[in-house]
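Please read the points below with the structure open beside you, and look up each element as it is named.

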Amino acid sequence: MVLGGLLMALCLVAVAGCSSTGEERTPETAESYLDRAQTQVEGPVRVTAAVPSAKETGKLFGAPLYQREVQPVWLEIENKGGVSVKFLPVGVDPLYYTPIEAAHVGKDGKPAASNTQRVRRFYNEGMGVVWVPPGETRSGFVFTSLDEGTKAFNVDLVADEEAYHFTFFMPVPGLRIDHHNVDWENLYAEDALLSIEDAGSLIEALESYPCCTTDKKGEDAGDPLNLVVIGELDDVYYAFLRAGWDETETIYGGSGLKTLASFFSGGEYRYSPVSGLYVFGRPQDIALQKARDNIHERNHLRLWLAPVRYRGLPVFIGQISRDIGVRFSKRTITTHEIDPDVDETREFLLEDLAYAQSLAAFAYVGGVGKAPIEAPRTNLTGSPYFTDGHRVVLWLTAVPTSIADIQVFEWRDPAVD
């Protein structure tokens with residue numbers, strides 16, 4: 001659903017506000033992004049990275065770069081080795097902007113009028129393709145495509161016979177991300193958690209969960225719970241980010257305004273809020289999405305932390321579906337139409353995470369219940385869906401894992417069950 005319907009978005013517009021990001025640079029705010037810097041060391045190379053927010057970027061460069069879909073990433077590379085290392089900006093973003101190019105980017109990504117002072121500022125503060133000699137340090141900005149919420153990127157360096165690889169996941173102030181509000185430590189009392197060590201007991205537990213999400217009252221059945229994720233919270237989080245999934249904003253005035261604008265324009269809003277569905281008596285703990293070029297077409301999923309740990313790892317149960325359009329609904333005025341073949345969307349996620357090297361292992365369990373195409377079920381907004389009744393179980397990893405190394409556990413077989 002689009003914020004539970006267009007009516008809610010219209011209500012939110014009344015409280016939405018606007019902000020400017022084009023103020024002049026001031027020293028006290030120009031360096032505040034460095035307080036969020038992260039440092040990693042590999043061998044003789046030390047890399048520090050930081051990502052300014054939209055407001056900080058405006059003050060740094062005197063231009064609202066975020067509005068132009070340009071995001072500066074600050075890097076400092078220290079080489080304590082005996083040979084020079086070369087920085088490869090394509091690792092940070094294959095579509096990066098050169099400093100001079102970024103200075104010329106205007107509204108909607110179109111070229112702006114030339115400004116000698118601006119061009120010199122961008123050039124002087126840009127990183128570019130650089131060599132870092134032994135015992136020296138280089139720093140500057142790489143101008144990348146915009147990613148709000150959390151910025152995930154690589155920093156790659158090469159020497160004569162060595163290569164150094166760093167991966168950063170940097171929080172960027174500005175968005176109100178839904179899962180930031182979850183009190184993970186207190187979702188369950190320690191004595192309420194079920195600790196499982198053997199596969200048989202886990203299968204039994206996963207297949208005992210309800211087939212579907214519900215409404216807030218827990219009465220009507222919604223989308224099928226066709227997804228299980230196993231892994232530490234950060235590993236799960238980073239695995240999805242590496243695969244190109246975006247976080248989701250909470251429902252408030254600003255997100256309502258952006259959703260409304262993208263609804264009428266058909267444009268993309270990568271962090272659009274999703275409506276609340278319920279499991280364990282609460283709405284989803286995490287919502288993630290992968291949008292196409294407009295808000296009406298996207299894959300999105302919801303995850304709930306389950307009261308169980310498998311071999312010490314957290315277990316999440318979830319739901320994934322593919323939005324393919326918008327239709328009118330008696331319940332919410334407007335709603336997304338989902339692809340009724342929810343198993344295809346489930347398999348898309350499996351393949352997507354595998355190709356992103358975010359998947360360590362997978363298996364299948366039952367629990368959803370079959371619904372053939374001849375007799376589909378419907379979700380809370382009346383969209384029909386059919387399914388073979390299985391849940392895919394995904395072990396996610398923050399360590400890149402090739403497809404050849406993914407383990408397959410033969411628990412249930414969707415082809416014959």
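1. In helix α7 (residues 233-242), the buried residues are V236, Y237, A239, F240 and L241. Here "buried" means under 20% relative accessible area, "exposed" means over 50%, and "partly exposed" lies in between, with a 1.4 Å probe and with protein chains only taken into account. Helices (H or I, at least four residues) and strands (E, at least two) are DSSP runs, numbered from the N terminus. After α7 comes G244, which has a positive phi, near 90°.

2. Before going further, please keep in mind that this is a predicted model, in which local features need pLDDT of at least 70 and side-chain atom pairs count only at pLDDT 80 or more, while totals for chains, interfaces and linings use all residues. Residues are numbered from 1 along each chain as its sequence is written, and side-chain values use heavy atoms, with hydrogens and water left out.

3. For the protein as a whole, the secondary structure amounts to nine helices and 24 strands, and 52% of the 417 residues count as buried. The accessible surface, computed by the Shrake-Rupley method with a 1.4 Å probe and, for residues, with only the protein chains shown counting as cover, comes to about 18900 Å², and carbon and sulfur atoms hold 52% of that surface. Among the contacts (heavy atoms within 4.5 Å) with a separation of 6 or more, 70% are between residues 24 or more positions apart.

4. T248 deserves a careful look, and it can be found in the loop between β13 (246-247) and α8 (253-265). Is T248 buried or exposed? T248 counts as buried, because its relative accessibility is 1%. Leaving aside residues up to four places away in sequence, T248 touches R176, I177, D178, Y271, S272, P273, V274, A287, L288 and Q289. The T248 side chain also reaches the backbone oxygen of A287 at 3.0 Å.

5. Q289, one of the residues that T248 touches, is found in strand β16 and is buried, with a relative accessible area of 0%. The side chains of Q289 and T248 are joined by a polar contact of 3.2 Å. A polar contact is a pair of N or O atoms within 3.5 Å; within protein, one must be able to donate a hydrogen and the other to accept it, and residues adjacent in sequence count only if both atoms are side-chain atoms.

6. Strand β16 (residues 286-291) is itself mostly covered, since five of its six residues are buried. β13 and β16 run antiparallel and are joined by two bridges, where pairing requires that DSSP finds at least two bridges between two strands. In this pairing D246 stands opposite Q289, and although these two residues are 43 apart in sequence, their C-alpha atoms are 5.3 Å apart in space. β16 also pairs in the antiparallel sense with strand β17 (residues 298-310), over six bridges, and the bridge partner of A291 in β17 is R298.

7. Elsewhere, an open sheet of four strands has the order β1-β2-β3-β6, with antiparallel pairing. Its edge strands, each pairing on one side only, are β1 (38-42) and β6 (137-145). Within the sheet, β2 (residues 45-50) and β3 (residues 70-79) pair over six bridges, and A49 has L75 in β3 as its bridge partner.

8. A separate pairing to examine is the hairpin of β7 and β8, which has four residues between its strands. Ten bridges join β7 (residues 149-158) to β8 (residues 163-172), and the two run antiparallel. In this pairing A152 stands opposite F169 of β8.

9. Two residues other than glycine with a positive phi are worth checking. R311, with phi near 55°, is found in the loop between β17 and β18 (313-329) and is exposed, with a relative accessible area of 52%. Q357, with phi of about 60°, is found in the loop between α9 (342-355) and β20 (359-365) and is partly exposed, at 34% relative accessible area.

10. Lastly, how many disulfides does the structure hold? The structure holds zero disulfides, a disulfide being a pair of cysteine sulfur atoms within 2.5 Å. Of the cysteines, C211 is partly exposed, with a relative accessible area of 28%, whereas C212 is buried, with a relative accessible area of 6%.
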